[in-house]
Amino acid sequence: MNHGELQKKLQENILIFDGGFGTELYRRNFFVNNSYDALCLNAPEVVSAIHQSYVDAGAEVLTTNTYNANAVALRQFGIADRAEKINHAAVAVARKAAAGKPEILIAGSIGPAPVNGDEAIADQAGFLIGGGADFIIFESISSLRELQTALEAVKGKNIAFVTSFVFDENGKIADGSEFAEIENILKSAPVMPDAVGLNCGTGPETTLNALEKIIRQTALPLIVQPGSGVPKSVDNRFMQMTTPEYFTTYSMRYLNLGAKGLGGCCGITPEHIADMVRSLKPLAAGAKKSMPPVEVKECAELIPVPLKEKSSFGRKLADGKFVKLIEMTPPRGFDLTSTVEKAKICAAAGIDAINIPDGPRASCRISQIITAIEIQEKAGIETIVHCCARDRNLISLQSMILGCMAKNLRNILFVTGDPPKLGDYPFSSGVFDVDSIGMVKLQNRLNRGVDVGGQPLGNDIKTAIVAGVGADPNAIDMTREYRRLEEKVASGAEFIITQPVFDPPTLLKFLRNVRRNFGIPVIAGVWPFASYRNALFMKNEVPGVIVPDWIMTAMENAGDKEAQRNEGIRIARQILDEIRSEINGVATSAPFGNVNTALALFEE
């Protein structure tokens, strides 16, 4: 692969890299007194099996087992003279695992340059090129000296290459250099790399912090391959947090920030990569899709019904009333008796509408549509049904909306939805024909009497749905968040419900920007914590949710479980008091189905 070709490929598509290799060899009882690189000659079947496991997981780039396959590093094992054979064998073994899949690329791995090893690194690059590697990846660079060695190693060689660094959470490498210094060296180099990588480090969270700082400083594609990191202390127990789901959740954040290559490093297994592939590939594909152009046939578009005439909820928004919403998750079974009874309690307490998620966390629950019908007909309170793009194609989405209209479900919140692997059914496929922006465009068409194919719904027939969207005031890339919000509003969104926010200054900044730039009602997510463990879970295991230290301290010191619940309610009330003048309503959740905890938020 010539220089420039890899960069073009990364700019066109998300590329999935493999995970750790050394840790996989260690799991197979090859201990650290072995030369792992020499196993390409001594145990090629084991190396091949690891590559094959990554191919089966969905990796599109296989990294050769040559991290320390330079003559200086091999000298300690007495096999410096076999460097060329090892590198050639490593490429051949990886290529064999990719047999029949010409789209899979082979990356020749080169680790950090040892002291006095500049010539050995240059030789290794030549060996990997001679062996047929598609491109070179210089991994775990931790000093400007190592970077210069890497750039010299490919000087005069027309091959694609990547320089990948170990950054701390502040975006610095081990010698204290910041990315601005790295970028200056890359720009002055005879040939710039095709991409810049972030690999290894102390875990996905640290890598996320570094990526946030780095991504705005370079025009090169970024490849993110975190290691599993060090265990975290939870209740005086050390726990390895980087499960496949945890890794995938962070990978989604990397993707949303703009990373073009995703994979893993030390401790990231084929199971992690398989989990990521099942979730991110459909999501990335859905984000690329937009509503197709609609040619209206046989009729003109109708004038939409005004907001205040669509529903009781819509009328309250149009009149500037402060609305109160409670989210109730549909049950896993099909008995809605308890759900309806809880909705009756909410109606009696003056709640304006019940928020009903659509397969939250990609779990299997009774239809949110059936739940909403039962609540509206038996509890006498309006609902807001969520509709996510994960499970429905364009035909099914339209059918669902028409069904909502037929049963007088007039309020829909459109969300892109969690990928299937974030839930209980990892082998379920995600549809993602469109994302939330596309769904709002679709709804806007139906509100004008025309379907997505340009066909009229009938003479003077149109839907009258109040279309809402979500927003994340905690988003890492707020520029992207505001851009997408602008697209949602331009597509026809009529209200916003935010993700839960526990830091009032963050939310207030977001609210004022939305008011200034978009001018549609914003309903803030304010959730009371049910316990200290509930707060700990949100802080440690839900990326993007910021729980300030003062809240954690207050929850931990509250006392027994009931005291913790009361403290959670008190904190939520405090947050609501601080933001109330800037919002059009509040959306809270019934933690663990306890509507009384949610209702307590609204007590004066």
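My entries on the two pairs follow.

**Ground rules.** I worked from a predicted model, where local features need pLDDT of at least 70, side-chain atom pairs count only at pLDDT 80 or more, and totals for chains, interfaces and linings use all residues. Residues are numbered from 1 along each chain as its sequence is written, and side-chain values use heavy atoms, with hydrogens and water left out.

**H7 and H8.** I looked up helix H7 (residues 118-131) against helix H8 (residues 144-153). Their axes lie 8 Å apart, at an angle of about 45°. (Helices are DSSP runs of H or I, at least four residues, numbered from the N terminus; axes are lines fitted to C-alpha atoms over the stretch in contact, and angles run from 0 to 180 degrees between N-to-C directions.) That angle makes H7 oblique to H8 (not under 35 degrees, over 145, or 65 to 115). The crossing is right-handed (the near helix is turned clockwise from the far one by less than a right angle). On H7 I noted Asp 118, Ile 121, Ala 122 and Ala 125; they meet Arg 145, Thr 149 and Ala 153 of H8. Contact means heavy atoms within 4.5 Å. By class I have 4 nonpolar, 1 polar and 2 charged residues here (Asp, Glu, Lys and Arg count as charged; Ala, Val, Leu, Ile, Met, Phe, Trp, Tyr, Cys and Pro as nonpolar; the others as polar).

**H17 and H18.** Next I took helix H17 (residues 394-406) and helix H18 (residues 436-446). Their axes come within 11 Å and cross at roughly 50°. So H17 is oblique to H18. I logged this crossing as right-handed. H17 brings Leu 394, Leu 397, Gln 398 and Ile 401 to the contact, and H18 brings Met 439, Leu 442, Gln 443 and Leu 446.

Definitions and conventions
Helix = DSSP H or I, 4+ residues; strand = E, 2+ residues; numbered from the N terminus.
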